[in-house]
Amino acid sequence: EHPHIKARSEMYPRSNVRRFPVPDDKVPWSVPFPEYQPVYYTSKSVLDQPAWADREDILNGRVPEWNKVDGAINRCSHMGIYTLDPETKLPRNPIGRTGIIGRGCLGRWGPNHAADPIVTRWKLDEQGKPELDEEGKKIAQFISIKRGDCNEWAIPGGMVDAEEVITYTMRREFGEEALNSMEVPECEKEKIAYSVDKLFKNGVEVYRGYVDDPRNTDNAWMETVAMNFHDADGSGVAQFKLTAGDDAVGVQWLDLHHEISLYASHKDFLKKVADHLKASW
Ligand code: RP5
Ligand code: MG
Ligand code: MG
């Protein structure tokens, strides 16, 4: 596995917490690192224990079923069986060290499951013909949102709610973040739901696994399933009026391109979409 990079970025998001520096070669747990002194951080919003968060003293009382579906909570990893820290008995990041222990601002110990819908179309020129790159490959575009927490462009993904089916999470988050579905008048809601449902019927999974997210810690990390919903003839998405909603502060079509700069490891997922569509990259 590639060593995570964003999960080692110096400052933990929306905090004054500085990670203990972890050099590339010291990321894997299998490499001894006796000087390693990770900083403990769990944000106040998580300690307040909202419905989406585990208890801080989770080992005190009924021990959760790690690597299993634990009641309504999916504690399985897409990366295979994760191990527990020999000392703290808490789940250990499958990629390796991050410089922080605790959960940061993530609710679950272990994997925190998200879903990422990648809605694409072909970029058209003024005549309505697909635009080609130097190699003659068609250029694809995807619906990107600007995240309010860091102002970075990203896929409009979100957390899988307890017992929610992943494809439903994708439809819901796409509606909330890219179409502002929660704010539209009741009479328009049905129309939006109809076109979203139609497009989201035929998705292709392009990635399933760990996300190199800046919120990750040694004990809590993001995982996702990313799917591509391609509107080949442009008729489906044309009806969408893009409006940023919920925690998104902007929304736009972005070209798939190897120089694109996106939140977490979202660029890796888009490369997979470009390959799948045989589009320009
Ligand atoms: C990323 O965080 C995932 O790939 C997904 O896009 C996102 C989910 O978290 P929120 O958008 O709910 O903060 O790791
Ligand atoms: Mg959301
Ligand atoms: Mg989101």
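Helices here are DSSP runs of H or I with at least four residues, numbered from the N terminus. In this predicted model, helix 2 covers residues 166–178, and Glu173 is found in it. Glu173 has a relative accessibility of 7% and therefore counts as buried, the limit for that class being under 20%. The side chain of Glu173 is also joined to that of Arg172 by a polar contact of 2.9 Å.

The ligand site comes next. Ligand 1 sits in the largest pocket. Two elements give two or more residues each to the shell around ligand 1: strand 5, which spans 110–122, and strand 8, which spans 158–159. The residues around the ligand are Ala114, Asp116, Arg147, Gly157, Gly158, Met159, Val211, Asp213, Arg215, Met222 and His266. Sorted by class, this shell has four nonpolar, three polar and four charged residues.

For Asp213, an N or O atom of the side chain is 2.6 Å from an oxygen atom of ligand 1. For Arg147, a polar side-chain atom lies 2.8 Å from an oxygen atom of ligand 1. For His266, the distance from a side-chain N or O atom to an oxygen atom of ligand 1 is 2.8 Å. Taken on its own, ligand 1 has 360 Å² of accessible area, and the protein covers 93% of that area.

Most residues other than glycine have a negative phi. Asn151 is not a glycine, yet its phi is positive, at about 60°. Asn151 is found in the loop that runs between strand 6 (140–147) and strand 7 (153–154). With a relative accessible area of 49%, Asn151 is partly exposed, because the exposed class begins over 50%.

Asp246 is the other case: it too is not a glycine, and its phi is positive at about 55°. Asp246 lies in the loop between strand 10 and strand 11. Its relative accessibility is 45%, so Asp246 counts as partly exposed. That loop, between strand 10 (220–230) and strand 11 (248–255), also holds Ala244. Ala244 has 25% relative accessibility and so counts as partly exposed. From Ala244 to Thr42 the separation is 202 residues in sequence and 29 Å in space, C-alpha to C-alpha.

Asn93 is found in the loop between strand 3 (73–74) and strand 4 (100–104). Is Asn93 buried or exposed? Its relative accessible area is 0%, so Asn93 is buried. Asn93 and Asp70 are 23 residues apart along the chain, and their C-alpha atoms are separated by 19 Å.

Pro21 belongs to the segment before strand 1 (39–42). At 59% relative accessibility Pro21 counts as exposed, since that class takes values over 50%. The C-alpha atoms of Pro21 and Asn180 are 39 Å apart in space, and the two residues are 159 apart in sequence.

Definitions and conventions
Residues are numbered from 1 along each chain as its sequence is written. Chains are lettered from A and ligands numbered from 1 in the order in which they are written. This is a predicted model: local features need pLDDT of at least 70, side-chain atom pairs count only at pLDDT 80 or more; totals for chains, interfaces and linings use all residues. Side-chain values use heavy atoms; hydrogens and water are left out. A residue is near a molecule or strand if one of its heavy atoms lies within 4 Å of it. A polar contact is a pair of N or O atoms within 3.5 Å; within protein, one must be able to donate a hydrogen and the other to accept it, and residues adjacent in sequence count only if both atoms are side-chain atoms. Accessible areas come from the Shrake-Rupley method with a 1.4 Å probe; for residues, only the protein chains shown count as cover. On a 1 Å grid over the protein atoms alone, a cavity is a set of points where a 1.4 Å probe fits but cannot get out, and a pocket is an open set with protein on both sides within 12 Å along at least five of seven lines; lining residues have an atom within 4 Å of a point. A molecule sits in a cavity or pocket if more than half of its atoms lie within 2 Å of its grid points. Ala, Val, Leu, Ile, Met, Phe, Trp, Tyr, Cys and Pro count as nonpolar, Asp, Glu, Lys and Arg as charged, and the others, Gly among them, as polar. Buried means under 20% relative accessible area, exposed over 50%, partly exposed in between (1.4 Å probe, protein chains only).
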